[in-house]
Amino acid sequence: QPAGISQILVQHITDSTNSQLLQRLQTGQMLEPGTVIVAEAQSAGRGRRGRSWYSPFGSNLYFSCYWRLEQGVPAAMGLSLVVALAVCRLLHNQYAINAKVKWPNDIYVNNSKLAGILVELSGQVDAGCDVVIGIGLNISMSEQSSQHIDQPYTDLRSEMMQHIDRNILIVRLQQQLVNVLKEFSANGFAHFVTEYNQHDLYANRKVSLLGKSPIVGICRGVDKQGGIIIDNGSTTDVYYGGELSLRPG
Ligand code: ATP
């Protein structure tokens with residue numbers, strides 16, 4: 001195996017590639033960090049908080065990667081953002097696509113959702129923890145997909161005129177992801193703040209942060225831990241946590 005490449009397991013159809021990796025971890029299988037599962041389709045692809053990720057057959061990417069987060073749970077907030085940056089770097093460097101990140105877990109191109117990220121923790125959390133990083137990325141969606149997705153979305157085929165070799169995309173994504181995860185382990189999220197802010201979908205725009213009670217203000221990017229900074233005119237506050245959703249204000 002070339003340096004930096006660990007196993008890639010390929011499945012035809014599965015419930016969810018994240019669930020497959022989580023099950024392997026829960027049944028005590030030893031996995032090499034960087035191990036990936038991909039599938040042609042998912043019957044129960046997941047988004048955040050019980051939402052679903054529409055995952056039909058037809059050459060899309062349903063990708064999950066195991067990683068060991070030595071920094072422990074406090075770093076998990078920054079993790080989904082650095083994963084998003086790995087996808088942005090890949091799209092920019094290899095496919096000349098300028099992607100944006102909607103905090104904390106979605107990738108947009110031309111204001112439409114191209115990819116979603118779902119980071120899940122597994123097992124006991126002590127000094128470090130096992131994480132599964134799921135990435136669903138649309139490569140070639142059929143017309144009927146619009147019946148299943150209740151927001152603007154796009155696919156790579158619509159964003160570029162050239163054929164996408166999915167196998168090459170998978171290997172490149174794994175390499176880019178592992179590189180970024182190593183960078184994150186070595187330097188923490190602070191190292192990525194400037195890069196994140198260059199890709200922020202809502203930079204300096206009015207947003208609503210939906211949680212227990214909605215917060216409205218101007219989005220000022222992220223802080224050193226990956227929390228979102230909202231300026232409400234009189235104070236600037238930072239919000240963390242996976243239960244929050246950002247929308248245009
Ligand atoms: P949040 O801001 O809370 O993350 P979200 O709507 O982006 O909100 P996610 O859990 O990230 O929610 O993603 C799930 C949502 O993404 C679904 O509810 C649906 O609207 C949309 N979606 C589902 N499948 C796809 C797909 N293949 N491509 C693009 N968007 C999809």
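Which element gives the largest share of the lining of the second largest pocket? Strand S6 does, with five residues. The model is predicted: local features need pLDDT of at least 70, side-chain atom pairs count only at pLDDT 80 or more, and totals for chains, interfaces and linings use all residues. Residues are numbered from 1 along each chain as its sequence is written, and side-chain values use heavy atoms, without hydrogens and water.

**Stop 1: the largest pocket.** Select Gly47, Arg48, Ser52, Trp53 and Lys113, the closest to the centre among the 38 lining residues. The space here is about 640 Å³. (A pocket is an open set of points on a 1 Å grid over the protein atoms alone where a 1.4 Å probe fits, with protein on both sides within 12 Å along at least five of seven lines; lining residues have an atom within 4 Å of a point.)

Next, colour H1 (17-26), S3 (61-69), S6 (112-122), S7 (129-137) and S12 (245-248), each of which supplies at least two lining residues. (Helices, H or I of at least four residues, and strands, E of at least two, are DSSP runs numbered from the N terminus.) S6 gives the largest share, four residues.

Then show domain 1 (8-198) and domain 2 (206-248): both give residues to this lining, so the largest pocket lies between them.

**Stop 2: the second largest pocket.** Select Arg48, Ala76, Ser80, Val119 and Gly242, which lie nearest its centre among 16 lining residues. Helix H2 (76-95) and S6 each give two or more residues to this lining. About 340 Å³ of space lies here. Domains 1 and 2 both contribute to the lining, so this pocket also lies between them.

Note on methods
Grid points are joined across faces, edges and corners, and a volume is the space filled by probe spheres set on the points. Domain bounds come from an automatic or database domain assignment.
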